[in-house]
Amino acid sequence: MTNNLLKVAALGGVLAMTATASYAAGDQESYQLSSHILDISTGKPAPDVNVKLMMQEKTGSWKLLNEQKTDAGGRIGSFLPNEGDVEHDGTYKLIFETTPYFKKQGLESFYPYVEVNFNIEGDNHYHVPITLSPYGYSTYRGS
């Protein structure tokens, strides 16, 4: 029985990756930045998480550009609209406010928020997802 469960979980992972790729590809033309949160403690997306997008100014201070909540699929696909000749080159950070998300589940978390810093250069699409649990997180540059 355990082997059957592993096969189903693996199949589910493949289907989830396929859905992620098509979702991100659809927004690449309209927006330069997207994100996604997968709660690895449940194996499900993390909905209703507040995420702030900030850009570092030349002075070194940070400017809030946008603030959104993840949708039911744990996604935000509409950061940094592609409008005309606007260039988004620079250093950014996404701040994922994780404490309220875990409190809604009756859980405590070690990290009150997750802050991911990254650089944007050129006009490529950037996908910055995180995997999350109450006591850990990971990030990578997605596509």
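**Exercise 1. The salt bridge of K104**

Task: Determine which residue forms a salt bridge with K104, and describe where the two partners lie.

Solution. 
Step 1. K104 forms a salt bridge with D48, the closest N and O atoms being 2.4 Å apart. A salt bridge is here a side-chain nitrogen of Lys or Arg within 4 Å of a carboxyl oxygen of Asp or Glu. The model is predicted: local features need pLDDT of at least 70, side-chain atom pairs count only at pLDDT 80 or more, and totals for chains, interfaces and linings use all residues. Residues are numbered from 1 along each chain as its sequence is written, and side-chain values use heavy atoms, with hydrogens and water left out.

Step 2. Helices (H or I, at least four residues) and strands (E, at least two) are DSSP runs, numbered from the N terminus.

Step 3. K104 is exposed, at a relative accessible area of 59%, whereas D48 is partly exposed at 36%. In these terms, buried means under 20% relative accessible area, exposed over 50%, and partly exposed in between (1.4 Å probe, protein chains only).

Step 4. The backbone of D48 also deserves attention: its phi is positive, about 60°, although D48 is not a glycine.

**Exercise 2. The remaining salt bridges**

Solution. 

Step 1. Since E115 lies in strand β7 (residues 114-120) and K93 in strand β6, the pair ties together parts that are 22 residues apart in sequence. E115 is partly exposed at 31% relative accessibility, but K93 is buried at 9%.

**Exercise 3. The open sheet**

Task: Give the strand order of the open sheet and identify which strands stand at its edges.

Solution. 
Step 1. The sheet has four strands in the order β4-β3-β6-β7, with antiparallel pairing. Two strands pair if DSSP finds at least two bridges between them.

Step 2. The edges are formed by β4 (62-69) and β7; each has a single partner strand, so one side of each is left without a neighbour in the sheet.

Step 3. From one strand to the next, the twist averages 20°.

Step 4. Seven bridges join β6 and β7 in the antiparallel sense, and F96 stands opposite V114 in β7.

**Exercise 4. The surroundings of Y92**

Task: Decide whether Y92 is buried or exposed, and describe its contacts.

Solution. 
Step 1. Y92 lies in strand β6 (residues 90-96). Its relative accessibility is 1%, so Y92 counts as buried.

Step 2. Leaving aside residues up to four places away in sequence, Y92 touches L53, M54, M55, W62, L65, L80, V116, N117, F118 and I120. Contact means heavy atoms within 4.5 Å.

Step 3. Among these residues, L65 is 27 residues from Y92 along the chain, and the two C-alpha atoms are separated by 9.7 Å.

Step 4. L80 is found in strand β5 (residues 75-81) and is buried, at 7%. Phi of L80 is near 60°, a positive value in a residue other than glycine.

Step 5. A polar atom of the Y92 side chain lies 2.6 Å from the backbone oxygen of H88.

**Exercise 5. Strand β9 and its partners**

Task: Identify the strands joined to β9 and state which residues cover its two faces.

Solution. 
Step 1. Strand β1 (residues 31-39) runs parallel to β9, joined by three bridges; L38 stands opposite T131.

Step 2. Strand β10 (residues 136-139) pairs with β9 in the antiparallel sense over four bridges, and S133 stands opposite G136. β9 and β10 form a hairpin with two residues between them.

Step 3. In a regular strand the side chains alternate between the two faces of the sheet. In β9 (residues 130-133), I130 and L132 lie on one side and T131 and S133 on the other, and all are buried.

Key:
A polar contact is a pair of N or O atoms within 3.5 Å; within protein, one must be able to donate a hydrogen and the other to accept it, and residues adjacent in sequence count only if both atoms are side-chain atoms. Axes are lines fitted to C-alpha atoms, for helices over the stretch in contact, and angles run from 0 to 180 degrees between N-to-C directions.
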